[in-house]
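Work through these exercises with the structure open beside you. Try each task before you read its solution.

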Amino acid sequence: MEEKLQKLLQNILPADKAAMEEAGRRQAQLAKPPGSLGRLEDLSIQLAGITGKVHNHMDKKHLLVFAADNGVIVEGVSCSPQSVTLMQTINLTRAKTGASVLAKHFGVDITVCDVGVNAVIEDPRVLNKKIAFGTKNMAVGPAMTRDQALTAILTGAELAMDTKADVIGIGEMGIGNTTTSSAVLSVLLDVDAEAVTGRGGGVTDDSFRKKKEVIRQAIAVSRPDPNDVVDVLAKVGGFDVAAMCGAFLGCAATHRPVVIDGFISAVAALCAVRLCPQVRDYLVPSHASYEIGYRLAMEAMGLEPMLLLGMRLGEGSGCPIAFQVLEAACAIINNMATFDQAGIDDGYLEEIRKGDKFSVEGAK
């Protein structure tokens, strides 16, 4: 499995710079002041780099949700019972949760994949890729074996690569996974649990203190190697986070944009970037998660979210909204008239363009 992962990483290429330059020239020809459509312009250029084409379409959109339970829940790190993972995993297929309601509303396909729910799920709408019935309690030892972590990563990658879509969003479902994600981020950034740990789904003050203590204890017990992402995921991660990491890799390997949801999704994306820095070229952040560690994960990747909505649900709920922004970016570069087509002499913009060039050069 180690060799299979390395082969996957070798297949991930940087963004197509020539296509991005061509898209930039196209944006400069459109009938508007330079940069006046902000992130929509940036996104259209990024999409060109991802696909190698200036003109793109986001007709088929897909949300992948990875579900798993976490053994650390026995430490009292969440106010929700573990049974919620099972129920919400099923409800995600019924358009009854926040993410699935939004997916249905916007015409987004959704796949819910069980990689480690601590229950037998007989509903055929849930894709069964179960690795184990939840991870072990990371507070007393490694959450999983290295082989299990590799299996989860490759499972996520294969599902992403097999999903027929123009753009994919990555979400999760699993009680206790803000604890595992905070632990992974704490190790990768070499910061204390205090800096990256939020309340997640909601806990009391006492439980919140316990949550941070458990994260510190888990890291001290297993001593994950911050330079080995697989080791970090195996010792203090979760099956869902590892599979999500793999999904980001799979999207990059198949030259598709992939949308980050909130905190847990961002941590998984950071794991993918640490495994292969070129993955960053394919990442599209959606909303700024309310979780404290989200900002640090974004800063570590040099990314900024598009939306400020105060969201912290998870599940992939930010992805269907972000897909609409990507569609808007495509519509602009595909359909907006150029100055020539609009019959406008753009000579009046020369001074503005010179000013933009001066500003860019001055910032270097």
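**Exercise 1. Is Lys4 buried, partly exposed or exposed, and which residue does its side chain meet in a salt bridge?**

Solution. This is a predicted model.
- Step 1. Take the relative accessible area of Lys4, which is 48%.
- Step 2. Apply the cut-offs: buried is under 20%, exposed is over 50%, and partly exposed lies in between. Lys4 is therefore partly exposed.
- Step 3. Find the partner. The side chains of Lys4 and Glu158 form a salt bridge, 2.8 Å from N to O.
- Step 4. Lys4 is in helix H1 (residues 2–10) and Glu158 is in helix H6 (residues 146–162). The two are 154 residues apart, and the pair links distant parts of the chain.
- Step 5. Classify the partner. Glu158 has 32% relative accessibility, so Glu158 is partly exposed too.

**Exercise 2. Asp114 and Lys130 meet in a salt bridge. Classify each end as buried, partly exposed or exposed.**

Solution. 
- Step 1. Locate the pair. Asp114 is in strand S2, while Lys130 is in the loop between S3 and H6. They are 16 residues apart.
- Step 2. Read the distance: 2.7 Å, N to O.
- Step 3. Classify Asp114. Its relative accessibility is 2%, so Asp114 counts as buried.
- Step 4. Classify Lys130. Its relative accessibility is 23%, so Lys130 counts as partly exposed.

**Exercise 3. Which residues are linked with Glu194 in a network of salt bridges?**

Solution. 
- Step 1. Start with one pair. The side chains of Glu194 and Arg216 meet at 3.8 Å, N to O. The salt-bridge cut-off is 4 Å.
- Step 2. Glu194 sits in helix H8 (residues 193–196), and Arg216 sits in helix H9 (residues 205–222). They are 22 residues apart.
- Step 3. Glu194 is partly exposed at 43%, and Arg216 is partly exposed at 34%.
- Step 4. Asp192, Glu194, Lys212 and Arg216 are linked in a network.
- Step 5. The whole structure holds 14 salt bridges.

**Exercise 4. Where is Lys235, and what does Lys235 touch?**

Solution. 
- Step 1. Locate Lys235 in helix H10 (residues 229–236).
- Step 2. Classify Lys235. Its relative accessible area is 19%, and buried means under 20%, so Lys235 is buried.
- Step 3. List contacts, leaving out residues up to four places away in sequence. Lys235 touches Met138, Gly141, Pro142, Ala143, Ser222, Arg223 and Pro224.
- Step 4. Asn137 and Lys235 are 98 residues apart in sequence, yet 9.8 Å apart in space, C-alpha to C-alpha.

**Exercise 5. Which residues of helix H4 are buried, and what do they pack against?**

Solution. 
- Step 1. Find H4 at residues 83–92.
- Step 2. Pick out its buried residues: Thr85, Thr89, Ile90, Asn91 and Leu92.
- Step 3. Name the partners. The buried residues of H4 pack against strands S1 (61–68), S2 (109–116), S3 (126–128) and S4 (167–173), and against helix H5 (98–105).

**Exercise 6. Why does the chain's radius of gyration agree with a compact globule?**

Solution. 
- Step 1. Count residues: 364.
- Step 2. Compare. A compact globule of that length would have a radius near 21 Å, and the chain has 21 Å, so the two agree.
- Step 3. The C-alpha trace covers about 70 × 45 × 40 Å along its principal axes.
- Step 4. Of the 364 residues, 55% count as buried.
- Step 5. Count elements: 15 helices and six strands.

Terms used
Residues are numbered from 1 along each chain as its sequence is written. This is a predicted model: local features need pLDDT of at least 70, side-chain atom pairs count only at pLDDT 80 or more; totals for chains, interfaces and linings use all residues. Side-chain values use heavy atoms; hydrogens and water are left out. Helices (H or I, at least four residues) and strands (E, at least two) are DSSP runs, numbered from the N terminus. The radius of gyration is taken over C-alpha atoms; the globule rule is 2.2 Å times the number of residues to the power 0.38. Buried means under 20% relative accessible area, exposed over 50%, partly exposed in between (1.4 Å probe, protein chains only). Contact means heavy atoms within 4.5 Å.
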